[in-house]
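This briefing is for a reader who is new to the structure shown below.

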Amino acid sequence: MTAVLVAAARLTGTVPGVVAVGLAGSWARGTARPDSDVDLVALTDRPERLLGTHDWFAAFGPGAELVRSADFGAIQERRLRLPDGLVVEVGVGSPSWAATDPLDAGTARVVRDGFVALADPAGLLAALVAAVRSS
């Protein structure tokens, strides 16, 4: 699991256009079980780059394979299975997903349910978390 978080945090430096990465859900809350998937949010100013290619999957290690894609509106999911069976769900969206004025109800729900910034060089996710906490 630690290797996945390190790889996710490095996406901002290794995948062009990725500006922030956060961890959501049970792993962010500290309630994950051994069979829990890893929920990530990757914000990029070039979502089509991540959504249109698979080469960035290798950031999570050799053998990461796409097992599902889904459209959740502002977030497009890419569900990956790693060779050890761990499932990593990467929600790809634009930086506008983290907008705080107005604060999107769905985004706020994700943050309230457990959210930790893994890579946030511009403070985009920190501002989002602060806005959700104060709302």
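From the N terminus on, the elements of the chain run α-β-α-β-α-β-β-β-α-β-α. That makes five helices and six strands. The chain has a radius of gyration of 14 Å, close to the 14 Å that the globule rule gives for 135 residues, so it is as compact as a globular protein of that length. The model is predicted, and local features need pLDDT of at least 70.

**Whole chain**

- Taken along the principal axes, the box that the C-alpha atoms fill is roughly 40 × 35 × 25 Å.
- Buried residues make up 44% of the 135 residues of the chain.
- The accessible surface comes to about 6,700 Å², and 54% of this belongs to carbon and sulfur atoms.
- Among contacts between residues at least 6 apart in sequence, 54% join residues at least 24 apart.

**Helix H5**

- Helix H5 covers residues 124-134, and its buried residues are Leu125, Leu128, Val129, Ala131 and Val132.
- These residues cover an arc of only 160° around the axis, which puts them on the same side of H5.
- An α-helix has 3.6 residues a turn, so residues three or four places apart point the same way.
- Arg133 and Ser134 are exposed, on the face of H5 turned away from its buried side.

**Helix H4**

- The residues Thr107, Ala108 and Val111 are buried in H4.
- They cover an arc of only 100° around the axis, which puts them on the same side of H4.
- S6 and H5 are among what covers the buried residues of H4.
- Ala105, Arg109 and Arg112 are exposed on the other side of H4.
- Arg109, found in helix H4, counts as exposed because its relative accessibility is 56%, and the cut-off for exposed is over 50%.
- Arg109 and Val132 are 23 residues apart in sequence, and their C-alpha atoms are 8.7 Å apart in space.
- Val132 is one of the buried residues of H5.

- Pro102 has its place in the loop between strand S5 (87-93) and H4.
- The peptide bond that joins Asp101 and Pro102 is cis, with omega about 5°.
- Most peptide bonds are trans.

**Arg81 in strand S4**

- Arg81 lies in strand S4, which covers residues 76-81.
- Is Arg81 buried or partly exposed? With a relative accessible area of 36%, Arg81 is partly exposed, since that class lies between the cut-offs of 20% and 50%.
- Leaving aside neighbours within four places in sequence, Arg81 is in contact with Gly63, Ala64, Glu65 and Val67, and also with Leu86 and Val87.
- Leu66 and Arg81 are 15 residues apart along the chain, and their C-alpha atoms are separated by 6.5 Å.

Technical notes: Residues are numbered from 1 along each chain as its sequence is written. This is a predicted model: local features need pLDDT of at least 70, side-chain atom pairs count only at pLDDT 80 or more; totals for chains, interfaces and linings use all residues. Side-chain values use heavy atoms; hydrogens and water are left out. Helices (H or I, at least four residues) and strands (E, at least two) are DSSP runs, numbered from the N terminus. The radius of gyration is taken over C-alpha atoms; the globule rule is 2.2 Å times the number of residues to the power 0.38. Buried means under 20% relative accessible area, exposed over 50%, partly exposed in between (1.4 Å probe, protein chains only). Contact means heavy atoms within 4.5 Å. Accessible areas come from the Shrake-Rupley method with a 1.4 Å probe; for residues, only the protein chains shown count as cover. The arc is that of the directions from the helix axis to the C-beta atoms.
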